Amino acid sequence: MIDVIGAPFDLCGKRLGSRLGPAAIRLAGLVEELESLNFSVADKGDIRVSTEDPESAGLRSFRPLLSCVTELRLSALETLKNGRIPVVLGGEHTLAVGGVSAALECFEGDLGLLWIDAHADINSPGTTSSGNLHGMPLAALAGMPSGESGQVDEEWNELLTTLGQARPLDLGATVWYGLRDVDPAERARLTGCAITMHDIDRRGIETTVSQIDECLRQSGVRQLWISFDVDVLDPMLAPGTGTGVRGGLTYREAHLMAELIHEALDARGCPYRLVGVDLVETNPLFDTQNQTAKMAVEWIASLFGKTIL
Ligand SMILES: [Mn+2]
């Protein structure tokens, strides 16, 4: 049973347009595709998004982000408590804090996170060079200090409080996959299992996906959230994103990865289960004929068990 939740928010990055992502993904046939795999799917529509963004000396677009995250968190928490799987459509990756923090609360901190992304997204206000909150969701989820003072620090702490500081994300149960653009200050923070494009080039999809499985088993978690940023895909294949970096996953690599994760989840005795998914950073303004949203829908179908035969 799946609930689709749209989060059309894009004020924390440098390029606007991913607010159109949820509509593009729906038009690419997400609900129909999941229903064809025999899931019962409810589309909860889009959360309310405030675009009112008062000038401030603090974190950029902090107020609209906070209201958005609060709504998304509530919606995801309701879905999780009903025993359903939230599939959150972004919008920018900052929003992952909504669903993941809801899952951390619902499962009392027992949560692994698979972060599929070209970027590590673990800057904090004190280490970011861009000031964009969309590069900081993992630092917020892990409850890291801002490293700043004054209004920025106050707002960061307000965000952490909203996310429920009692259950921060365990970075030891966090796996990054597809990394190729990591800031110097982020490197020291990749304490979990960080699988780069270099690793994927050398060892291939099958071996690196087994590595994900081993990391999750070692961490002892029983629930898994998957956060999929379309910028992990090669921009030739998925140009519809504001944060493209060349050298990403090919079409076949991405699908094989999704199929193997499904296999791992489906295997007898798998200690963890999938409890939620983000599908973020689709930006139709940079796309051609909605191919990035279509690719995202096809990927999610593979993750949920679609096979060729
Ligand atoms: Mn990201």
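What follows is a working chat about a predicted model, moving from its sheet to its helices and a few backbone details.

Colleague: What is the strand order in the sheet, and is the pairing parallel or antiparallel?

Modeller: The order is β2-β1-β3-β8-β7-β4-β5-β6, 8 strands in an open sheet, and the pairing is parallel.

Colleague: Which strands stand at the edges?

Modeller: β2 (41–46) and β6 (193–196). Each has a single partner strand, so one side of each has no neighbour in the sheet.

Colleague: How many degrees are neighbouring strands turned against each other?

Modeller: 15° on average, with direction ignored.

Colleague: Which strands does α3 touch?

Modeller: Helix α3, residues 62–81, packs on the sheet and touches β1 (2–7), β2, β3 (85–90) and β8 (273–280). The direction of α3 makes about 175° with that of β1.

Colleague: Which ones point which way?

Modeller: I85, V87 and L89 point one way from β3, and P86, V88 and G90 point the other way. Both sets are buried.

Colleague: And how many bridges join β3 to β1, and how many pair it with β8?

Modeller: β1 and β3 run parallel and are joined by 6 bridges; G6 has L89 as its bridge partner in β3. With β8, strand β3 pairs in the parallel sense over 3 bridges, and V87 stands opposite V277 there.

Colleague: What about the pairing of β4 and β5: how many bridges?

Modeller: Strands β4 (residues 112–116) and β5 (residues 174–179) pair over 4 bridges, in the parallel sense. L113 has T174 as its bridge partner in β5.

Colleague: Back to the end of β3. Where is the cis peptide bond?

Modeller: Between G90 and G91, with omega about 15°. G91 is in the loop between β3 and α4.

Colleague: Which residues does F9 contact, apart from its close sequence neighbours?

Modeller: Leaving aside those within four places in sequence, F9 is in contact with R19, V49, C68, G91, E92 and L95. F9 lies in the loop between β1 and α1 (21–27).

Colleague: Is F9 buried or exposed?

Modeller: F9 is buried, because 30 other C-beta atoms lie within 10 Å and the cut-off is 20 or more. The C-alpha atoms of F9 and R19 are separated by 4.8 Å, though the two are 10 residues apart along the chain.

Colleague: You listed L95. Which residues touch the most other members of the largest nonpolar core?

Modeller: L95, V175, L279 and I300, out of 97 residues in that core. Helix α10 (residues 291–303) gives the largest share, 8 residues. L95 itself is in contact with A7, F9, C68, V69, L72, V88, G90 and V280, again leaving out neighbours within four places.

Colleague: How many residues of α10 are buried?

Modeller: 11 of the 13, so α10 is largely enclosed by the rest of the structure. Among them are K294, W299 and I300.

Colleague: What do they pack against?

Modeller: The buried residues of α10 pack against α1, α2 (30–36), β7 (223–229), α9 (251–266) and β8. Just after the helix, G305 takes a positive phi of about 110°.

Colleague: New topic, α6. Which of its residues are buried?

Modeller: V152, E155, W156, L159, L160 and L163. Seen down the axis of α6, they fall within an arc of 145°, so they line one face of the helix.

Colleague: What is on the other side, and what covers the buried residues?

Modeller: G150 and T161 are exposed on the other side of α6. The cover over its buried residues includes α3, α4 (96–106) and α5 (137–141).

Colleague: Buried or exposed, in each case?

Modeller: E108, in the loop between α4 and β4, is exposed, with 10 other C-beta atoms within 10 Å. E281, in the loop between β8 and α10, is buried, with 32.

Technical notes
Residues numbered from 1 in each chain as written. Predicted model: local features only at pLDDT ≥ 70, side-chain atom pairs only at ≥ 80, totals over all residues. Pairing = 2+ DSSP bridges. Helix = DSSP H or I, 4+ residues; strand = E, 2+ residues; numbered from the N terminus. Axes fitted to C-alpha atoms, helices over the stretch in contact; angles between N-to-C directions. Contact = placed C-beta atoms within 7 Å. Buried ≥ 20, exposed ≤ 12 C-beta atoms within 10 Å, placed from the backbone. Arc of directions from axis to C-beta. Core = buried A, V, L, I, M, F, W, Y, C linked by C-beta atoms within 7 Å.
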